[in-house]
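Please view the sequence and structure first.

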Amino acid sequence: MEPTQVPAWLDEHGIDWIKTEGISLDGPIIGKHIGRRKFVSALPLGNAITELVFGYDLGGTPYLAWWDDWRLAALGDIHQRPDLSTLVVAPDRPRTANVICDTVSTDGTPLPVCPRSTLRRVVDRVAEHGFTSKAAFEIEGMVFNDSIADARTRGYRGLSPMGHPAPLGYLQLNSREQLVFVDEVLTRLDGLGIPVEGWHDEAAPGQFEFNLDPADPITAADRVIRVKQVLREVAADQGRIVTFMAKVNDEYGNGLHVHHSIARDGEPVFHIPDGGEFSETARHWIGGIVASMHAAVSVLCPTINSYRRMVGFAAAPTLASWAEDNKSAALRVLPRSAKGARIEHRVAGGDANPYLAFSAIIAAGLDGVERQLVPAPPLEGSAYDADGQRMPTTLAEAVDLLDRSAFARAAFGDRVVDHYVNSGRHEV
């Protein structure tokens with residue numbers, strides 16, 4: 001849609017208010033509710049917000065002891081430039097539309113640390129090598145029968161999980177108890193045009209998983225952000241609380257499993273025909289992801305809490321490894337179906353930013369192709385019992401690895417890496 005077409009679209013759908021949906025460094029949606037007159041007059045640059053949104057943590061503490069060259073000499077404005085292809089009627093509020101935005105400077109230049117723009121740059125690099133890519137995410141979260149206000153007063157302790165309190169997965173009894181919550185979520189996602197392959201009860205008390213349809217990388221990450229927002233909003237509307245933090249309690253944690261496929265000249269790169277072997281391109285791609293995994297962990301696991309999930313025999317990888325259809329490995333490769341050939345990257349926690357997570361994964365794969373990296377032999381048996389290079393066990397260790405990573409600096413540039421390194425060290 002062109003900016004000149006927006007007024008007619010707003011008239012057609014009876015829209016008076018537009019909710020802008022920008023993406024913060026930590027992942028949650030940030031933005032404003034803009035009246036249609038202001039929204040239209042601000043196009044194409046979009047409404048202004050303070051650049052401090054990239055300079056404080058989730059607790060609201062500013063960290064201004066460092067200052068990148070893209071930041072202004074004083075706290076000033078940046079803009080949320082609407083991607084009009086994402087403009088959609090809000091399913092939960094009359095006379096309102098939602099639109100996803102890129103974060104840009106006052107002259108329209110994308111900010112180096114805008115997660116959505118970062119992913120777009122990496123996807124463009126992949127396309128320059130003749131590849132097309134698709135992504136699909138598995139979203140894990142936990143829902144509790146406690147209001148956010150009550151949970152806060154109790155320090156988030158002693159919460160009551162929705163469903164059976166035992167750590168058992170795939171229970172239809174639990175799914176039945178969660179229907180009052182999930183049915184409203186699915187209704188709103190349908191209104192947003194977000195297809196869901198399926199959902200089910202997961203292994204921890206109150207835990208669920210949503211499986212989203214494959215899509216181009218930007219659309220796939222956009223859907224994760226909107227699905228999480230809808231889950232939060234429905235929980236709030238029903239007096240419940242939902243969380244995606246990586247490790248809530250002593251049971252299984254929340255992950256964000258990232259599936260991706262690549263094709264070249266219409267042929268799926270990860271597919272192994274009957275009696276065949278992995279192509280050289282597939283091997284190099286896998287080799288790149290494994291080689292760069294430690295440098296990427298601080299992006300995939302961005303908080304102190306993230307590393308409490310990564311313990312043995314708890315469904316989270318602890319070893320930089322790959323194998324065919326082995327869920328204990330960090331990379332689960334599924335090559336046998338031409339239509340479904342893909343890699344499942346199992347490292348990211350539920351607290352990961354999907355744009356940054358997918359950027360790190362495909363940039364690493366492309367690095368492997370460019371440098372013709374060859375992976376070690378595939379894992380046999382359980383990764384929890386195997387020898388090999390262990391994952392970082394703290395955010396401090398992971399951030400130091402990112403800081404020293406030649407791959408990351410070549411893939412994203414010094415300004416982006418320095419920003420995330422400083423952010424991670426502030427978090428520590």
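## Helices α3 and α9

The axes of helix α3 (residues 115-128) and helix α9 (residues 354-371) come within 9 Å and cross at roughly 25 degrees. Axes are lines fitted to C-alpha atoms, for helices over the stretch in contact, and angles run from 0 to 180 degrees between N-to-C directions. Helices are DSSP runs (H or I, at least four residues), numbered from the N terminus. Therefore α3 and α9 are roughly parallel to each other (angles under 35 degrees count as such, and over 145 as roughly antiparallel).

The crossing of α3 and α9 is left-handed, meaning that the near helix is turned anticlockwise from the far one by less than a right angle. Ala, Val, Leu, Ile, Met, Phe, Trp, Tyr, Cys and Pro count as nonpolar, Asp, Glu, Lys and Arg as charged, and the others, Gly among them, as polar.

## Helices α10 and α12

Helix α10 (residues 395-403) packs with helix α12 (residues 414-427) at about 165 degrees, their axes 9 Å apart. α10 and α12 are therefore roughly antiparallel to each other. Their crossing is left-handed.

The contact includes V399 and D403 of α10 and V421 and R425 of α12. By class, 6 residues of the α10 and α12 contact are nonpolar, 1 is polar and 5 are charged.

## Basis of the values

This is a predicted model, in which local features need pLDDT of at least 70 and side-chain atom pairs count only at pLDDT 80 or more, while totals for chains, interfaces and linings use all residues. Residues are numbered from 1 along each chain as its sequence is written, and side-chain values use heavy atoms, with hydrogens and water left out.

Key. Helices (H or I, at least four residues) and strands (E, at least two) are DSSP runs, numbered from the N terminus. Angles under 35 degrees count as roughly parallel, over 145 as roughly antiparallel, 65 to 115 as roughly perpendicular and the rest as oblique. Contact means heavy atoms within 4.5 Å.
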